[in-house]
Amino acid sequence: MRVLVLNAGSSSLKASAIDATDVTVARADSSWGWDASRAKDRAAGLETVMLALADGGAPLESFDAVGHRVVHGGSRFTSAGVIDDRVLAGIREARELAPLHNDVALETIAAARKLLPDLPHVAAFDTAFHAPLPPAAYRYPVPAAWFHDWGVRRYGFHGLSVTWSIRRAAELLKRPVEALPMVVAHLGSGCSVTAVDGGRSVDTSMGMTPLEGLMMGTRSGSIDPGAMLAALRPGRLSADELEDALDHRSGLLGVSGRTADMRTLLELEASRDADASLALEMFVRRAAAGIAAAASALPSLDALVFTGGIGANATPIRSRIAARLAVLGVPDLPESDLHSDAVLTRLEGRPAILRVEAREDLVIASEAVSLLE
């Protein structure tokens, strides 16, 4: 079985052709800019990646199934599912919890089903990995009726990335996943940290929506809820305007005033741009704080995994985050420019630090094959 994997992310559409033996035949991506929800033509992006896959040896007619990444599955979906009217309805229901992501996923699914109507399409959910979170981790300290009546709780995201990262870290460190307490820092357009113990999620920074937690590309991450109440007072912002500001005009973009692109920000910092420098300092501080908080949910911190576009590739940012975590015993991290998975440091009695490329596509393909077979 050959699976076409479509990962509709925060800033791009990534496509992979994966054989059932986990062999990657071809990969391609199409950029949607800083904010995928602003790009309206999903069919054009899909056409771009399909042409690239065909050039790489995976023509349209070679696929047996299609796997889709869906960010929010709510409480309904705790495992992958074949896409039908029921699954589509569930994805739509969760739209208000992940407006940047689920609409993009629905549009991508619609374009792919039109292009490949005779193949089974499977949805794999980022929230599913966090289904085992204990109540102390997923409940918020708000009136109980909010949880029981409205479903206000932490769901967690980036689960597909974390699933791959813990498998790869265990392989690189030659230890069983179940015996490797670790924190996975997925840093990209969207950012989160997850504490994993016994191969299961025990704490994570993103919450009911992908807005909570770390500072991100265009999203604010956690801020004082009192500030939100102040912004909603008469004469200031409407609820829709506030949502737009927090989702699309905050984070690295909001502080720098220029860009959410990490490479550009590092270049601006080097040219002494004060706003870019502040944005990067805030990003590093908040990422380190999130990692430290997640580590407190573990019996020990044996490994720290950096993944995602920034985590895997922005070596100065990795090193700065590690430097702020010296209090946890995290060793200094040299700015080694690696392009493959690696153990960056492994010292006796200290957490190992790893660089792992995000491969949600392999997890999605595996879940699709398992479900369909």
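Tutor: Begin with the element names: a helix is a DSSP run of H or I of at least four residues, and numbering starts from the N terminus. Please note that this model is predicted. Just after H1, Gly57 has a positive phi of about 100°.

Student: Which residues of H1 are buried?

Tutor: Buried means under 20% relative accessible area, and exposed means over 50%. In H1, Arg42, Gly45, Leu46, Val49, Met50 and Leu53 are buried. They lie on the same side of H1, because they cover an arc of only 130° around the axis. Glu47, Leu51 and Asp55, on the other side of H1, are exposed.

Student: What do the buried residues of H1 pack against?

Tutor: Their partners are strands E1 (2-8), E2 (12-19) and E3 (24-31), together with helix H3 (102-115).

Student: Which residues touch the most other members of the largest nonpolar core?

Tutor: A nonpolar core joins buried nonpolar residues through side-chain atoms within 4.5 Å. The largest has 44 residues, and Ile317 and Ile321 touch the most other members. Helix H11 gives the most to this core, with 10 residues. Beyond its neighbours within four places in sequence, Ile317 contacts Met262, Leu266, Leu280, Phe283, Val284 and Ile310.

Conventions
Residues numbered from 1 in each chain as written. Predicted model: local features only at pLDDT ≥ 70, side-chain atom pairs only at ≥ 80, totals over all residues. Heavy atoms only, no water. Buried < 20%, exposed > 50% of the residue type's maximum accessible area, 1.4 Å probe, protein only. Helix = DSSP H or I, 4+ residues; strand = E, 2+ residues; numbered from the N terminus. Arc of directions from axis to C-beta. Contact = heavy atoms within 4.5 Å.
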